[in-house]
Amino acid sequence: KVVCSPSTLTLTASGCAGTVNWSTGASGTSVVLSSVGTYSITATCTVGSCTSPASAAVTGLQIVSQPTAPMITAPATKVVCAPSMLTLTASGCAGTVNWSNGSSGTSLTLSSVGAYSISATCTVGSCTSPASAAVTGLQIVSQPTAPTITAPATKLVCSPSTLTLTASSCAGTVNWSNGSSGSSLTLSSVGTYSITATCTVGSCTSPASSAVTGLQIIAQPAAPTITPPGSLVVCAPSTLTLTASGCAGTVNWSNGSSGTSIVLSS
């Protein structure tokens with residue numbers, strides 16, 4: 001006896017050999033109720049000039065207004081990268097919001113990788129609205145995996161030597177932690193480095209790779225200053241002594257000796 005608009009209620013009358021007149025003003029063997037409202041309906045039967053008493057009333061008849069579709073607010077960004085999620089909210093529903101993916105409630109959070117087209121209905125009592133306009137273009141994209149970095153065989157070199165790292169297993173763009181991009185990275189400045197890389201495919205970026213540590217380029221020392229002896233030519237058994245200064249490490253002489261000074265005697 002209770003239906004939701006635009007559904008209708010139909011009553012039929014039998015046992016009248018004349019004309020059935022309904023309390024709504026309609027006549028005929030059946031009456032169709034289509035307007036929203038509550039009804040109590042009777043009927044009479046007219047044969048010639050004689051009319052019957054009214055029938056027992058049919059009560060509890062009701063046509064309930066159909067709720068309007070809820071208004072969906074889409075996320076500001078419709079394409080995100082996992083593990084990010086997409087959240088939609090519905091308003092303008094005085095009952096229960098039912099989403100086209102089977103969920104219910106005033107908000108819907110999408111977390112699985114995939115493309116989505118989402119609509120919603122509003123149910124109030126036994127009446128359900130038409131579906132809202134679908135929100136399309138929603139997508140959660142898989143996050144790329146971090147690239148694999150191959151470190152140089154020797155991690156410690158002296159300038160002007162360089163250190164080159166290569167990255168593999170990235171179908172997009174490799175971005176290095178020092179701001180460079182590309183499948184390889186060459187370090188040429190003096191310093192100590194700890195390097196990671198990410199992989200960007202479309203709008204999605206991987207987590208950072210494991211860091212390659214212990215990378216170091218050391219400044220090349222300046223040549224030492226050699227102080228020659230007072231006389232460059234002497235007679236044996238006299239000797240010639242040279243001294244080197246300006247070296248914070250070990251002085252190596254061209255004749256194979258080492259140390260801050262060298263004595264030539266042969």
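Me: A polar contact is a pair of N or O atoms within 3.5 Å; within protein, one must be able to donate a hydrogen and the other to accept it, and residues adjacent in sequence count only if both atoms are side-chain atoms. What makes the side chains of Thr123 and Asn98 such a pair?

Reply: The side chain of Thr123 lies 3.2 Å from that of Asn98, and this value falls inside the limit for a polar contact. The model is predicted, so local features need pLDDT of at least 70 and side-chain atom pairs count only at pLDDT 80 or more, while totals for chains, interfaces and linings use all residues. Residues are numbered from 1 along each chain as its sequence is written, and side-chain values use heavy atoms, with hydrogens and water left out.

Me: What is Thr123 in contact with, leaving aside its neighbours within four places in sequence?

Reply: Contact means heavy atoms within 4.5 Å. By that rule Thr123 is in contact with Cys93, Gly95, Thr96, Asn98 and Thr128.

Me: Why are Cys4 and Cys127 called a disulfide?

Reply: A disulfide is a covalent bond between the sulfur atoms of two cysteines. Here it is assigned from distance, as a pair of cysteine sulfur atoms within 2.5 Å. The sulfur atoms of Cys4 and Cys127 are 1.8 Å apart, so the pair qualifies. The torsion about this S-S bond is -95°, and the link is left-handed. The pair links distant parts of the chain, with Cys4 in strand S1 (residues 2-4) and Cys127 in strand S16 (residues 127-128), 123 residues apart.

Me: Are Cys4 and Cys127 buried or exposed?

Reply: Both are buried, a term for under 20% relative accessible area, against exposed for over 50% and partly exposed for values in between (1.4 Å probe, protein chains only).

Me: How do you know that Cys16 and Cys45 form a disulfide?

Reply: Their sulfur atoms are 1.9 Å apart, which meets the distance rule. This link is right-handed, with 80° about the S-S bond.

Me: Why is the disulfide of Cys170 and Cys199 called right-handed?

Reply: Because the torsion about its S-S bond is about 80°. The S to S distance is 2.1 Å. Cys170 is in the loop between strand S20 (163-168) and strand S21 (173-176), and Cys199 is in strand S24 (residues 197-201), 29 residues apart. Cys170 is partly exposed at 21%, and Cys199 is buried at 1%.

Me: What pattern do the disulfides of the protein chain follow?

Reply: There are five disulfides by the distance rule. With bonded cysteines counted along the chain, their pattern is 1-7, 2-3, 4-10, 5-6, 8-9. Cys158 is in no disulfide, and the nearest cysteine sulfur to it, that of Cys247, is 13 Å away.

Me: Why does Thr44 count as buried?

Reply: Its relative accessibility is 19%, so Thr44 falls under the cut-off for buried. Thr44 is placed in strand S6. Not counting residues up to four places away in sequence, Thr44 touches Thr19, Val20, Asn21, Thr51, Ser52, Pro53 and Ala54.

Me: What lines the largest pocket?

Reply: A pocket is an open set of points on a 1 Å grid over the protein atoms alone where a 1.4 Å probe fits, with protein on both sides within 12 Å along at least five of seven lines; lining residues have an atom within 4 Å of a point. The largest pocket holds about 170 Å³, taken as the space filled by probe spheres set on the points, which are joined across faces, edges and corners. Its lining has 17 residues, and Ala13, Val20, Ala43, Thr44 and Ser55 are the closest to its centre. Strands S2 (9-12), S3 (19-22) and S6 (43-47) are the elements that give two or more residues, and S6 has the largest share, with three.

Me: By class, what residues does the lining of the largest pocket have?

Reply: Eleven are nonpolar, six are polar and none is charged. Here Ala, Val, Leu, Ile, Met, Phe, Trp, Tyr, Cys and Pro count as nonpolar, Asp, Glu, Lys and Arg as charged, and the others, Gly among them, as polar.

Definitions and conventions:
Helix = DSSP H or I, 4+ residues; strand = E, 2+ residues; numbered from the N terminus.
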